[in-house]
Amino acid sequence: MATVDLLFAALFNAAVLFLVTAGLQLIFGVQRIVNLTAGSLYALGAYFGASVFEWFSAQGGSPVLLLPVLILSGLLAGQVGFIVERVLRTVYGRDEAFQLLMTFTFVLMFQDVLRYVWGAQPRLLGDLPSVYGTLVVGEFTFPVYNLLVMASALVVAGLLYWLIERTSLGHVVRATAENGRMAEALGANTRRINMLVFVLGSMLGTVGGALVIPTTAASLEMPIALIVEAFAVVVIGGLGSIRGAFLGAIIVGVLRALSLTYFPELEVMSIYLVVIVVLVARPYGLFGKAEA
Amino acid sequence: MLSVERLSVDIAGTSILRAISLEVAAGEIVCLVGRNGAGKTTLLRALMGQLAPRAGTVLWHGNALAGLPPHEVARRGIGFSPEESEVFASLSVAQNIAFGTWTRPSRERPAADRIAFAYEVFPKLLTYMTRGGAELSGGERKMVSIARALALDPDLLLLDEPFEGLSPAIIPTIAAGIASIRASGRAVLMAESNVQHIPDYVSRIYVIERGEIIFHGSLEAARADPLVRQVASGLA
């Protein structure tokens with residue numbers, strides 16, 4: 001029974017982790033920017049989601065609408081990506097170190113904004129997931145809210161696959177990622193595509209943050225805690241790969257759940273031991289590709 | 001249709017093109033001949049908006065092109081096939097060719113018609129539509145690159161060294177393709193360094209040397225010009 005509970009917790013963690021890292025991977029895959037703000041966007045989504053749901057409840061909104069309200073608030077918070085991308089645009093084409101420094105600057109600024117708007121104390125929504133009840137299968141009990149979040153992550157994975165692999169917009173995005181200058185010469189507005197991709201990636205991060213808020217407190221430690229795990233996912237799955245984000249999130253989610261159960265003091269080390277093994281055995285991760 | 005007046009382009013402070021003037025009329029095939037490094041590619045890239053001119057004007061159907069980003073130039077009806085073909089490896093042949101129909105949709109010319117015409121010019125492409133862009137030979141990449149630019153439905157096609165590096169067996173196929181593009185009423189401005197490759201059907205040629213146009217006229221006149229013969233000995 002403990003094993004099933006552990007696996008369930010791992011998959012819930014993996015679902016949220018996938019959403020955030022899918023955004024990070026999408027942005028790197030197209031724009032070649034390692035977006036350190038992914039953790040900050042996750043925290044922003046959590047704080048904003050908590051505030052929006054509190055406001056919604058104060059207006060007499062039904063708690064049953066928790067999930068859609070959080071998703072909408074996450075999508076709304078993700079619009080901050082417009083501002084971040086607009087500033088990042090000034091360092092496109094420059095050395096990657098500039099882009100990394102710029103996103104790091106945003107991490108520091110986000111930290112102050114979060115502190116200024118929501119204060120230093122963690123914010124908790126309370127036991128809201130219980131409004132969705134539990135699913136009992138034999139001797140096992142699963143919170144339905146967590147199942148819905150996992151299902152949402154699967155839907156997002158499917159939608160991302162469809163968008164990138166099956167639509168003309170996705171083909172243009174892939175071509176832009178591969179050779180932006182040629183795509184531009186064939187009529188693709190790469191500036192708009194970069195904006196679109198960055199905002200979509202940001203929204204994945206903020207939705208991930210919003211969805212996690214009913215199960216954990218929003219705090220100023222969220223960005224760093226998330227980025228530690230997200231980068232493990234990226235290294236294991238392969239930089240720029242959405243499939244890699246999916247598998248990497250499951251691996252990191254399971255590793256984290258196992259270490260929290262058996263060696264809580266070694267949580268980060270256990271994850272990064274696997275990261276080192278992957279870096280040595282497959283430097284480009286499970287699904288990553290070597291740079292041409 | 002295309003009118004270039006005293007166009008000058010610098011790259012990293014070095015003057016690459018100096019006061020280039022040329023014209024391309026509707027339905028013409030104009031060839032820009034010059035040695036490697038003479039400035040042919042720089043000129044085509046400047047026309048596409050990939051390089052900003054230092055001076056001069058580029059008029060397209062009477063409207064200035066200078067300052068427009070490349071995607072706006074493409075959407076105004078100028079297609080481009082670069083020297084290295086630059087076929088998207090992550091897309092199939094069919095997706096490469098359909099690209100311009102996504103970025104420049106048109107009610108007057110439906111995507112299906114434009115794609116059909118691109119395959120009409122290079123029917124061989126129909127046999128490997130599902131193949132990935134990375135799985136093509138040099139000649140196949142060149143055909144895809146030209147067909148892809150054609151599916152944009154341009155009035156003018158800029159072809160940078162369309163025969164460069166190709167096996168002699170494929171060159172007649174490319175030349176025939178360019179001839180059928182002309183037959184459709186489109187204009188072509190092609191850059192060429194190997195004068196042996198200049199098709200007989202070109203309307204006019206410009207010879208470029210060290211960033212300046214040193215000759216403009218027919219292929220026959222170029223062959224008779226001593227200065228041109230000195231620069232491009234293959235014309236003799």
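Mentor: Chain A has twelve helices and two strands, where helices (H or I, at least four residues) and strands (E, at least two) are DSSP runs numbered from the N terminus. The order along the sequence is α-α-α-α-α-β-β-α-α-α-α-α-α-α. The model is predicted, so local features need pLDDT of at least 70 and side-chain atom pairs count only at pLDDT 80 or more, while totals for chains, interfaces and linings use all residues. Residues are numbered from 1 along each chain as its sequence is written, and chains are lettered from A and ligands numbered from 1 in the order in which they are written.

On overall dimensions, the C-alpha trace of chain A spans about 60 × 50 × 35 Å along its principal axes. The radius of gyration of chain A is 19 Å, which agrees with the value near 19 Å for a compact globule of 292 residues; this radius is taken over C-alpha atoms, and the globule rule is 2.2 Å times the number of residues to the power 0.38. Of the 292 residues in chain A, 47% are buried. A residue is buried if 20 or more other C-beta atoms lie within 10 Å of its own, exposed if 12 or fewer, and partly exposed in between, with C-beta atoms placed from the backbone. Two residues are in contact if their C-beta atoms, placed in that way, lie within 7 Å. Among contacts in chain A between residues at least 6 apart in sequence, 77% join residues at least 24 apart.

Next, the core. The largest nonpolar core has 158 residues, and those touching the most other members are A:Phe18, A:Val20, A:Ala46, A:Ala230, B:Ala147, B:Leu150 and B:Leu158. Such a core is a set of buried Ala, Val, Leu, Ile, Met, Phe, Trp, Tyr and Cys residues joined through C-beta atoms within 7 Å. Helix H1 (residues 2-31) of chain A supplies the largest share of this core, 15 residues. Beyond its neighbours within four places in sequence, A:Ala230 is in contact with A:Leu17, A:Val20, A:Thr21, A:Leu24, A:Ala38 and A:Gly39. In soluble globular proteins, nonpolar side chains tend to be buried together.

Now the partner. In chain A, 15 residues are in contact with 21 residues of chain B. On the chain A side, helix H7 (168-178) and helix H8 (180-185) each supply at least two residues, and H7(A) gives the most, with six residues. By class, that side of chain A has six nonpolar, five polar and four charged residues. Here Ala, Val, Leu, Ile, Met, Phe, Trp, Tyr, Cys and Pro count as nonpolar, Asp, Glu, Lys and Arg as charged, and the others, Gly among them, as polar.

A:Asn189 lies in the loop between H8 and helix H9 (190-212) of chain A. A:Asn189 is partly exposed because 19 other C-beta atoms lie within 10 Å. Between A:Asn189 and A:Val172 there are 9.5 Å in space, C-alpha to C-alpha, and the two are 17 residues apart in sequence.

Chain B, for its part, has an open sheet of four strands in the order E2-E1-E4-E5, with antiparallel pairing; two strands pair if DSSP finds at least two bridges between them. Strand E2 (14-24) and strand E5 (63-64) of chain B are the edge strands, each pairing on one side only.
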